[in-house]
Amino acid sequence: MADQSGPGRFLKNFVVRPGGPQPTSRESVEKVARTRGTTVTRSVCPYCGVGCGQLIHTREGKIVEIEGDPESPINRGTLCPKGAATFQYVVNPLRQTHALYRRPFGDRWETVSLDWAMGQIARRIKDTRDATFVERLPDGQVVNHCTSIASLGGATLEVEENYLIKKLLNGGLGILSIENQARI
Ligand code: SF4
């Protein structure tokens, strides 16, 4: 039976290799990359027009890691902080899954149904646009614009979402002030 005390106990955690024990614990030797054995799907970062390549690692249908694609000629395995955090956006227990509403002069958020929230947004946009839409300037020039509503996008809006926002708000409703925190 192996000596479990003194030097014997200490050395049992070391791996014997040609040339003698190495200063590496068995636990370290047996560790593998968390992406070992995953299914890899090649994709493109959704967040901006640079189009960095990403590798989506899944195990049993669940995403376990998202990293830069070393074979992409765009980013060669690198990702900016936003792209590198894609996994946290997708898999995150803190992610909000309900619409929240704070009433005028309210001091707390209330959970509301998505239908109610969407109805409120649509109602307020329509009322504001109806009240302030300008078809022509005083000199007769046609402008068809609405300068009383603005849109400020966030970094996690995807390319497709930004396209739809621009198409609906600008082309559809005549809103001019459309901005996004991420500009590339
Ligand atoms: S957000 Fe960052 S990682 Fe994503 S495509 Fe743009 S530059 Fe690349």
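The conversation below sets values from this structure against the definitions behind them.

Student: What should I know before we begin?
Tutor: This is a predicted model, in which local features need pLDDT of at least 70, side-chain atom pairs count only at pLDDT 80 or more, and totals for chains, interfaces and linings use all residues. Residues are numbered from 1 along each chain as its sequence is written.

Student: How many helices and strands are there in the protein chain, and what makes a stretch count as one?
Tutor: The protein chain has 6 helices and 10 strands. Helices are DSSP runs of H or I with at least four residues, strands are DSSP runs of E with at least two, and both are numbered from the N terminus.

Student: Why is G83 called buried?
Tutor: A residue is buried if 20 or more other C-beta atoms lie within 10 Å of its own, exposed if 12 or fewer, and partly exposed in between, with C-beta atoms placed from the backbone. G83 has 21 C-beta neighbours inside 10 Å, so G83 counts as buried. Its place is in helix α3, residues 81-84.

Student: And what is F87 called, buried or partly exposed?
Tutor: F87 has 16 C-beta neighbours inside 10 Å, and therefore counts as partly exposed. F87 sits in helix α4, residues 86-90. Across the 184 residues of the protein chain, 8% count as buried.

Student: Which residues does G83 contact, leaving aside its neighbours within four places in sequence?
Tutor: They are C45, Y47, C52 and Q54. Contact here is a matter of two C-beta atoms, placed from the backbone, lying within 7 Å. With residues up to four places away in sequence again not counted, F87 touches I63, E65 and I66. For C-alpha distances, G83 and E67 are 16 residues apart along the chain and separated by 8.3 Å, while F87 and I56 are 31 residues apart in sequence and 8.9 Å apart in space.

Student: Which residues are around the ligand?
Tutor: They are C45, Y47, C48, V50, G51, C52, N75, L79, C80, K82 and G83. A residue is near a molecule if its C-beta atom, placed from the backbone, lies within 6 Å of it.

Student: How is that shell divided by class?
Tutor: It has 7 nonpolar, 3 polar and 1 charged residues. Ala, Val, Leu, Ile, Met, Phe, Trp, Tyr, Cys and Pro count as nonpolar, Asp, Glu, Lys and Arg as charged, and the others, Gly among them, as polar.

Student: What makes β3 and β4 a pair?
Tutor: Two strands pair if DSSP finds at least two bridges between them. β3 and β4 have 6 bridges in the antiparallel sense, with R42 opposite L55 and V40 opposite H57. Strand β4 (residues 53-59) also pairs with strand β5 (residues 62-68) in the antiparallel sense, over 6 bridges, and there T58 stands opposite I63. β4 and β5 form a hairpin with 2 residues between them, and E60 in the turn has a positive phi of about 50 degrees.

Student: Why are β3 and β5 said to stand at the edges?
Tutor: The open sheet has the order β3-β4-β5. β3 (39-44) and β5 each have a single partner strand, so one side of each is left without a neighbour in the sheet.

Student: How do you know that β3 lies largely in the open?
Tutor: Of its 6 residues the number buried is 0, so β3 lies largely in the open. Helix α5 (residues 114-132) is hardly covered, with a buried count of 0 among its 19 residues.

Student: Which strands form the open sheet with mixed pairing?
Tutor: Its 3 strands have the order β8-β9-β10. Strand β9 (residues 142-153) runs parallel to β10, joined by 5 bridges, and A150 stands opposite S177 in β10.

Student: How far does α6 reach from its first C-alpha to its last, and what span is expected?
Tutor: The expected span of a helix is 1.5 Å times one less than its number of residues. α6 has 14 residues and reaches 18 Å, close to the 20 Å expected. Just after α6, G174 takes a positive phi of about 80 degrees.
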